[in-house]
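Dear colleague,

I am passing on the structure we spoke about, and below it you will find what came out of going through it. Please keep it open beside this message as you read.

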Amino acid sequence: MDALLLYLHTIPLSLAIMLSICLNIGIAIVGIIPSVFLTAINVTVFGFWGGFYVSLIGEAIGSFVAFWLYRKGFRKFVDHRSKHAPRLQKLLYASPREAFLFVIGLRMMPFVPSGLVTLYASVGTMSFGSFVVASSIGKVPALLMEVSSTYAIVKWTSAAQFFVFALAIALLIFVWIKVKNRKND
């Protein structure tokens, strides 16, 4: 990590910003990779507010690109699969107002997978313009919380950072085991 940060400090600022935005677009398209690691790098390289703005721009553009791609590729697939799931049908065919508020609410929660929010919004009836506005409004408070927490962790000692990382890995393993056991029941 230190070698990566050292390298990022040697490249021109505009190139580092573009690289971060491109990585955020890739993370948004894949949909399952958490962006918190990139946010931590952004905070380290660009400072608190610089990291916030670079992360916000990257995540916003990433979610817009992902929405467009998901709408083109997944709409028919999800529509076909959801015919036997009434709850999913309700979500997919929510009124424009409900969908707008739903996206804002889910975006405000920093640990809700962004890719899932984008996927459901893109295969539903929500317009691209409504998604852009709702997603952007919801990302601001969530990203402020994420940047604040990652900024605090970045300022900790290496031992404390390792402890938080180990705790996060342990939590992911615990959740994975719980989900796997639930499927087996």
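Contact, as the word is used here, means heavy atoms within 4.5 Å. In this predicted model, M126 touches F67, R71, A99, F100, V103, A121, F131 and A134, leaving aside residues up to four places away in sequence.

M126 also belongs to the largest nonpolar core, which has 13 residues, and together with V103, A121, F131 and A134 it touches the most other members. At least two residues of this core come from each of α3 (36–81), α5 (96–108), α6 (114–123) and α7 (128–154), and α5 gives the most, with four residues. Another core, of six residues, lies apart from it and includes I11, A16, F46 and V54.

Turning to the helix pair, the axes of α5 and α6 come within 10 Å and cross at roughly 170 degrees; since angles over 145 degrees count as roughly antiparallel, α5 and α6 are therefore roughly antiparallel to each other. On the α5 side, V103, L106 and R107 meet S114, V117, T118 and A121 of α6, and the residues of this contact divide into four nonpolar, two polar and one charged.

Finally, a loop residue: S35 lies between α2 (13–30) and α3, and S35 is buried, with a relative accessible area of 14%. The side chain of S35 makes a polar contact with the side chain of E59 (3.0 Å), and S35 touches N24, I27, E59 and E146, again not counting residues up to four places away in sequence.

With best wishes

Key. Residues numbered from 1 in each chain as written. Predicted model: local features only at pLDDT ≥ 70, side-chain atom pairs only at ≥ 80, totals over all residues. Heavy atoms only, no water. Core = buried A, V, L, I, M, F, W, Y, C linked by side-chain atoms within 4.5 Å. Buried < 20%, exposed > 50% of the residue type's maximum accessible area, 1.4 Å probe, protein only. Axes fitted to C-alpha atoms, helices over the stretch in contact; angles between N-to-C directions. Parallel < 35°, antiparallel > 145°, perpendicular 65-115°, else oblique. Nonpolar A, V, L, I, M, F, W, Y, C, P; charged D, E, K, R; others polar. Polar contact = N/O pair within 3.5 Å; in protein donor to acceptor, adjacent residues only side chain to side chain.
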